[in-house]
Amino acid sequence: MTRDEGMRTPSPDRPQASGLSALPRPVAAVIGGGGVLGAAQVGIGYALEQRGFAPDMIIGTSVGALNGAIVAAHPGTAAARLDHVWTRVRRREVYPLGFLASRASIVADHGLRRLIARAGLPQRVEQLRIPFTAVATDLATGAEALLSEGDLVSALLASAAIPGVLPPVEREGRTLIDGGVIAYVPVRAAQEAGAASVVVLSAGPEWPLSMALPPRRADAVAARAALLLAHHQIERDLREVSTRVPTVVLPTGIETWPAPWDFRHAERLISTAARTAGRFLDGLHVNGPGLYGPSCHPAGSAAEAGR
């Protein structure tokens with residue numbers, strides 16, 4: 001598939017979209033979890049880079065932490081780097097099934113470690129060019145673990161440690177697992193870090209939540225229940241933060257999603273998200289706190305959400 005070159009290369013002659021330039025500083029880029037959703041985040045990254053967007057801080061959960069660390073290491077050129085990663089990675093590299101890795105997980109983290117090693121990242125979080133935080137969950141207390149300094153690899157592994165699938169990470173006396181357990185889209189962490197506005201690189205494939213007939217099979221019932229839990233967490237956090245600061249949720253335009261571990265569709269996801277997010281940004285107008293995104297009408301604000 002050939003992507004729109006305008007989404008791949010920033011244009012120095014194109015003025016910054018009014019919505020982005022109107023965002024109060026400091027502005028945080030918030031990148032959530034969701035497996036293959038990370039490919040769509042790359043497409044959104046192309047659209048943001050083309051419009052000259054430069055965040056003051058980056059907060060990421062799970063796959064969003066890995067994407068976010070690469071953006072923080074290579075600001076302005078990260079989308080092409082991430083494109084190279086996402087269009088070549090396969091499930092067996094990240095989730096090498098076939099044997100029990102340990103008593104705590106189905107697969108080992110060797111593949112994820114190799115993926116991180118190829119990303120050209122520094123050893124420590126504070127060496128990244130943009131201030132960065134990886135969000136994980138403390139397995140003992142259930143508290144949010146905000147990893148903004150120290151060893152970068154262990155921070156990314158902890159943030160992406162899907163419970164039961166990838167092994168928990170022991171870090172500084174704590175046992176840490178996937179940040180999506182407590183902060184699938186970590187906008188609250190961004191606000192706590194001092195962000196005056198937030199740009200969310202997609203809130204997930206099912207936000208806003210679509211209606212569906214009640215499933216009948218046991219696995220489908222469990223999947224729908226997990227989706228509802230994630231949706232309510234995302235909705236609560238977005239609504240809470242948007243009452244205080246402008247909160248922009250960028251759409252992907254993707255209607256048919258593959259399974260979270262199926263990376264073969266990255267080309268389609270990147271291209272579609274780049275076009276959709278670009279159109280949205282070009283019509284975005286921000287006027288004070290509120291939630292700006294697909295089907296959003298910020299309460300208490302004269303702002304409009306563009307499409």
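Trainee: Which residues of α7 are buried?

Mentor: In α7, the buried residues are Gly111, Leu112, Leu115 and Ile116. Buried means under 20% relative accessible area, exposed over 50%, and partly exposed in between, with a 1.4 Å probe and protein chains only. A helix here is a DSSP run of H or I with at least four residues, a strand a run of E with at least two, and both are numbered from the N terminus.

Trainee: Why are the buried residues of α7 said to line one face of the helix?

Mentor: Viewed down the axis of α7, the buried residues fall within an arc of 140°, so they line one face. The arc is that of the directions from the helix axis to the C-beta atoms.

Trainee: What should I know about the model itself?

Mentor: This is a predicted model, in which local features need pLDDT of at least 70 and side-chain atom pairs count only at pLDDT 80 or more, while totals for chains, interfaces and linings use all residues. Residues are numbered from 1 along each chain as its sequence is written, and side-chain values use heavy atoms, leaving out hydrogens and water.

Trainee: Why does Val107 count as buried?

Mentor: Val107 has a relative accessibility of 0%, and therefore counts as buried. Val107 sits in the loop between α6 (91–94) and α7 (110–117). Its C-alpha is 7.5 Å from that of Pro167, although 60 residues separate the two in sequence.

Trainee: What makes β5 and β6 a pair?

Mentor: Two strands pair if DSSP finds at least two bridges between them. Three bridges join β5 (residues 169–171) to β6, and the strands run antiparallel. Arg171 has Arg174 in β6 as its bridge partner. The hairpin of β5 and β6 has two residues between the strands, and Glu172 takes a positive phi near 55° there.

Trainee: How many bridges join β3 to β6?

Mentor: Three bridges join β3 (residues 132–138) to β6 (residues 174–178), again antiparallel. Ala136 stands opposite Asp178 in β6.

Trainee: What makes a set of residues a nonpolar core?

Mentor: Its members are buried Ala, Val, Leu, Ile, Met, Phe, Trp, Tyr and Cys residues joined through side-chain atoms within 4.5 Å. The largest such core has 68 residues, and Trp86, Leu121, Phe132 and Leu156 have the most contacts inside it. Apart from it lies another core of 22 residues, including Val30 and Leu291.
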